Amino acid sequence: MSAEELKLLDELFESCQYQDSLDMIEKLTDGRDSCEVKWRLARTVFFLSKQSTIDDEKEKLVREAFGHASAALDTDGDNFGANKWYGAILSEKAALDGVTERIKQLENVQKHFQRAVALNGTSDPGIWHMLGQFNYKLSEVNWITRKLINSVAPNPPTASYAEALECFTKAETIKPGFYALNLLYLGKCHLALKQPGEAKAWLERAAAVEVRCEDDRICREEATELLRKL
C-alpha cells in the first residue's frame, strides 16, 4: 500500500468516515499483510464498535479489532501504531472479560502506551490522550477498587490527576483541538484538582464541539452537564 493510500486512510479516519475507511482496506489487492495496514484496520473496526448501539455487535467488533491489533503487533513489535492501538483496544477488550481480567491487563496496557510514547511521542497527540485517560481513570478508583487492584495485579500501576493533566496538556500542545474528548478531560482534570476556573474554560470548548461521531456526542453531553454543576 502506498504512502498516499495510507494518508487517505488516515484522512478518512480523522473525518469520522469509519465505514469508508473499512471499505477501502477490504478492497486492497496487496499490502493487507503489512503492519501499517493491520493497525489501521484495528483502529477502524474499534471506532465502528463505538458507533454501535447494540451490545452484542459492539462486543463482537471490539474482539475483532483486538485480533487485528494483535496481528499488527505480531508483525512488528516496534511499530508505533501497533503499540498504540493494541494498548487502547486491549483495555476495552479486557473490560469485556470482567473486572479481574481488566485489572490483570493494566500493566500491559500501560506498557504498550509507554512504548508508543517512546517511539513517537513528540508528534502524535493521540497517544498522550490515551495515556492521559489511563492515568485519569486509575486516579478516580475508590479505595475498595484500589485494594482489589493491589491483590490481583503483581505490579499495579499508579497515577494521579496531575499526571493525567500533564498528558492531556501535552496532547493539546502537539495539536490543539485535535480531539473533542481531550478538551473534556482537560476540564475534568482541573475539576478533580479543585481548579474550577480552568475547568470551566475547557468545558465550555468541549460543550461547543461539532458532533460528527459518538465521541463528539459524549463530549458535548458530559461537558454540558458538568458546566451546569459549576
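Across the interface of domain 1 and domain 2, 2 residue pairs are found in polar contact, both at pLDDT 80 or more. A polar contact is a pair of N or O atoms within 3.5 Å; within protein, one must be able to donate a hydrogen and the other to accept it, and residues adjacent in sequence count only if both atoms are side-chain atoms. Helix H3 (residues 35-51) supplies 3 residues, the largest share of the side of domain 1 that touches domain 2. By class, this side of domain 1 holds 3 nonpolar, 3 polar and 2 charged residues. Here Ala, Val, Leu, Ile, Met, Phe, Trp, Tyr, Cys and Pro count as nonpolar, Asp, Glu, Lys and Arg as charged, and the others, Gly among them, as polar.

The model is predicted: local features need pLDDT of at least 70, side-chain atom pairs count only at pLDDT 80 or more, and totals for chains, interfaces and linings use all residues. Residues are numbered from 1 along each chain as its sequence is written, and side-chain values use heavy atoms, with hydrogens and water left out.

The chain is divided into domain 1 (1-121) and domain 2 (159-229), with bounds from an automatic or database domain assignment. The C-alpha centres of the two domains lie 24 Å apart. Their contact (heavy atoms within 4.5 Å) takes 8 residues from domain 1 and 7 residues from domain 2.

Domain 1 and domain 2 bury about 530 Å² between them, 47% of it on carbon and sulfur atoms. Buried area is the accessible area (1.4 Å probe) that two parts lose on being put together, summed over both. In domain 1, Cys 16, Lys 50 and Gln 51 lose the most area to domain 2, together 57% of what that side buries.

The interface of domain 1 and domain 2 has 1 salt bridge, defined as a side-chain nitrogen of Lys or Arg within 4 Å of a carboxyl oxygen of Asp or Glu. Lys 50 and Asp 215 form a salt bridge, at 3.9 Å from N to O. Glu 36 and Arg 40 form another salt bridge, with their closest N and O atoms 2.7 Å apart. Both residues lie in helix H3, 4 residues apart, about one turn of the helix.

The chain has 13 helices and 0 strands, taken as DSSP runs numbered from the N terminus (helices H or I, at least four residues; strands E, at least two).
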